[in-house]
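Below are some notes on helix packing and a pocket. Please read them beside the coordinates.

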Amino acid sequence: MVRAKYTDKGTVVQILAESFPDNQSVNYILRQGPKKKQQVQSLMAYSFDMCMKFGKVFISDDRMSCALIMLPKHKKTTIKTILMDLKLIFLCTGVANVKKVLAREKAINAMQGVKEMYYVWFIGVAPKNQNKGIGSRLLAEIIKDAETLGLDIYLETSTVENLPWYKKAGFSEYESIDLSYTLHFLRLCW
């Protein structure tokens with residue numbers, strides 16, 4: 001696993017866009033319509049940029065998996081981040097969904113309840129390479145990185161099939177909420 005550079009953005013966005021097209025949590029915030037593929041790509045590009053600015057982006061050595069890590073205590077609101085948010089609204093969520101998206105983010109922040117954390121925003125493996133242990137190796141390295149920093153790891157998932165995978169890696173589910181789909185909250189504490 002290596003820290004991604006801006007030159008890796010296309011690869012990271014492609015891996016994540018291919019990994020999350022049918023994800024309930026991702027689709028919940030997207031404007032519905034024929035441009036779903038482009039919206040998912042725009043969401044992943046936005047997330048990449050935010051994590052490069054306020055966290056970490058990792059890509060596996062084989063360039064088949066990646067992870068976007070946010071370090072919320074470092075996040076700041078600037079003119080640039082406001083412009084990025086506006087771009088996200090126009091390209092992905094649509095103005096009509098803003099209230100729903102903000103309510104979802106408020107609920108997530110309330111469940112996490114901490115600012116000092118290592119937040120796994122997205123972790124993905126190119127679909128053709130899934131179920132080969134690639135994601136597990138990346139997750140193990142992410143866990144080591146968070147432990148080195150002394151930060152508890154938080155994430156959420158709407159993919160029930162991923163719960164055993166996270167639990168096997170040491171995560172525990174501490175809450176879930178209903179947002180027209182179930183969002184599961186997990187953490188790994190030291």
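1. α3 and α4 (79–93) each give at least two residues to the lining of the second largest pocket. Helices here are DSSP runs (H or I, at least four residues), numbered from the N terminus. α4 holds the largest share of that lining, six residues. The model is predicted, with local features needing pLDDT of at least 70 and side-chain atom pairs pLDDT 80 or more, while totals for chains, interfaces and linings use all residues. Residues are numbered from 1 along each chain as its sequence is written, and side-chain values use heavy atoms, without hydrogens and water.

2. The volume of this second largest pocket is about 180 Å³. A pocket is an open set of points on a 1 Å grid over the protein atoms alone, where a 1.4 Å probe fits, with protein on both sides within 12 Å along at least five of seven lines; lining residues have an atom within 4 Å of a point. A volume is the space filled by probe spheres set on the points, which are joined across faces, edges and corners.

3. Lining residues of the second largest pocket include Lys9, Ser42, Tyr46, Met84 and Cys92. By class, the lining has seven nonpolar, one polar and three charged residues. Nonpolar means Ala, Val, Leu, Ile, Met, Phe, Trp, Tyr, Cys and Pro; charged means Asp, Glu, Lys and Arg; the others, Gly among them, are polar.

4. The axes of α3 and α4 come within 9 Å and cross at roughly 165°, so α3 is roughly antiparallel to α4 (over 145 degrees). Axes are lines fitted to C-alpha atoms, for helices over the stretch in contact, with angles from 0 to 180 degrees between N-to-C directions. Contact (heavy atoms within 4.5 Å) involves residues including Ser42, Tyr46 and Asp49 of α3 and Met84, Leu88 and Cys92 of α4. This contact of α3 with α4 has eight nonpolar, three polar and four charged residues.

5. Helix α1 (residues 9–19) and helix α3 (residues 36–54) have axes that come within 9 Å and cross at roughly 130°.

Note on methods: Parallel < 35°, antiparallel > 145°, perpendicular 65-115°, else oblique.
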